[in-house]
Amino acid sequence: MATQGPEVDKRSSSASEMSNVQIDEEVNVPDVEVKHSPFQSQPSLRSGVLTDEEVLELGDKMRKEQAKKYFSLREGAFTNAVEECKTFLDTDDGELLSTWLLSEIDHWDHEKERIVLITKKSLCLVKYNFIGLKVDEIRKIPLIRCDKIQIGRFVYPKTTMMMITGYAENSPRNKQSGMRIFFSSVEPSFFQMWNPWSDMPYFTLTSHVQSMLQDSPPDRSQHDPFSKALIKAITEAREADPHQERLGSFEVVEGDLQINIYLGLSAMVYNQSSLGFCKDRGSVFF
């Protein structure tokens with residue numbers, strides 16, 4: 001170890017002497033292009049916010065991707081479903097006038113996909129399974145029984161948890177409009193209101209999600225043209241009825257459509273997950 005001491009001292013002294021040498025000559029580094037360098041070929045990121053055109057393009061792309069997940073929006077799906085629904089019509093329903101793809105909102109604020117058929121005598125709400133390609137349920141209401149149609153925006157009660165938690169103000173339902181068809185003057189009972197599976201003396205319809213996912217959605221997915229077609233069909237059915245004197249009054253009014261729910265936890269989960277729609281959810285389908 002003692003023999004290495006002088007060598008270490010020599011190296012340290014030579015290094016210090018070199019550090020004190022002044023370099024006057026300019027050294028030119030050749031301009032060499034380096035290709036495929038993992039450190040120099042990193043892409044440059046743009047700073048700042050997206051332009052309005054880029055935001056619109058991105059939003060349009062996201063809507064198109066979402067639309068692909070709904071089985072009812074695939075090419076030919078609605079037409080084939082209507083043909084299947086026609087087999088459940090009979091002579092008492094009369095001639096088929098128009099077909100629609102809408103959303104039903106029940107009294108617990110659960111939004112569900114529905115095919116709606118308007119015939120000369122009936123209004124048919126069909127729960128169609130676009131995955132299994134079959135009719136799961138169908139409800140028929142005689143047109144002459146419809147005594148009131150209310151058109152307006154959806155609102156929640158002021159004392160509901162939906163308002164307290166702030167969900168109602170930010171919910172898409174708060175910005176939606178629709179229509180409520182009454183076919184009985186009897187008010188729902190307390191048990192009916194609190195039973196999610198009870199049949200109500202009315203049903204509420206709004207535009208299908210297709211109207212929000214496409215720039216130019218067809219009329220069949222929007223509640224405005226549907227309400228006009230339904231009002232016309234009801235009026236004609238009442239005029240053609242041989243016992244018009246026995247029929248009650250029929251009116252069309254405008255006003256807020258209140259959804260009488262006071263907790264709404266199930267509706268939050270149900271609607272945000274789109275459980276009422278036949279939708280591609282990866283390896284799980286509902």
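**Close-up views of a predicted model**

**View 1. Tyr128 and Phe130 are both buried.** Here, buried means under 20% relative accessible area, with exposed over 50% and partly exposed in between (1.4 Å probe, protein chains only). This is a predicted model, in which local features need pLDDT of at least 70 and side-chain atom pairs count only at pLDDT 80 or more, while totals for chains, interfaces and linings use all residues. Residues are numbered from 1 along each chain as its sequence is written, and side-chain values use heavy atoms, leaving out hydrogens and water. The count of aromatic pairs comes to six (rings of Phe, Tyr and Trp, taking its six-membered ring, with centres within 6.5 Å; planes under 30 degrees apart are stacked, over 60 edge-to-face and the rest tilted). Tyr128 and Phe130 form an edge-to-face pair, because their ring centres are 4.9 Å apart and their planes stand at 75°.

**View 2. Phe182 and Tyr202 make a tilted pair, because their ring centres are 5.5 Å apart and their planes are at 50°.** This pair links distant parts of the chain: Phe182 belongs to strand β6 (residues 177-182) and Tyr202 to strand β7, 20 residues apart. Strands (E, at least two residues) and helices (H or I, at least four) are DSSP runs, numbered from the N terminus. Phe182 and Tyr202 are both buried. Look also for Lys148, whose charged end sits over the ring of Phe182, 5.1 Å from its centre. A charge sits over a ring if NZ of Lys or CZ of Arg is within 6 Å of the ring centre and within 35 degrees of the ring normal.

**View 3. The charged end of Arg74 sits over the ring of Phe71.** The distance from the ring centre is 4.2 Å.

**View 4. Strand β5 (residues 148-155) is joined to β6 by six bridges, and the two run antiparallel.** Strands pair if DSSP finds at least two bridges between them. Gln150 has Arg180 in β6 as its bridge partner. Four bridges join β5 to strand β8 (residues 251-254), and these two run parallel; here Ile151 stands opposite Glu254. Strand β9 (residues 257-258) also runs parallel to β5, joined by two bridges, and Val155 partners Gln258 there.

**View 5. The largest pocket has a volume of about 750 Å³.** Of its 33 lining residues, the closest to the centre are Glu104, Lys112, Arg114, Glu137 and Arg139. On a 1 Å grid over the protein atoms alone, a pocket is an open set of points with protein on both sides within 12 Å along at least five of seven lines, a cavity is a set where a 1.4 Å probe fits but cannot get out, and lining residues have an atom within 4 Å of a point. Points are joined across faces, edges and corners, and a volume is the space filled by probe spheres set on them. β1 (96-105), β2 (111-119), β3 (122-129), β4 (134-142) and β7 (202-207) each supply at least two residues of the pocket's lining.

**View 6. The largest cavity has a volume of about 60 Å³.** The count comes to one cavity of 30 Å³ or more. Among the residues that line the largest cavity are Ile105, His107, Arg180, Tyr202 and Gln258.

**View 7. Helix α9 (residues 265-272) holds the buried residues Ala267, Met268, Tyr270 and Asn271.** Just after α9, Ser274 takes a positive phi of about 55°.
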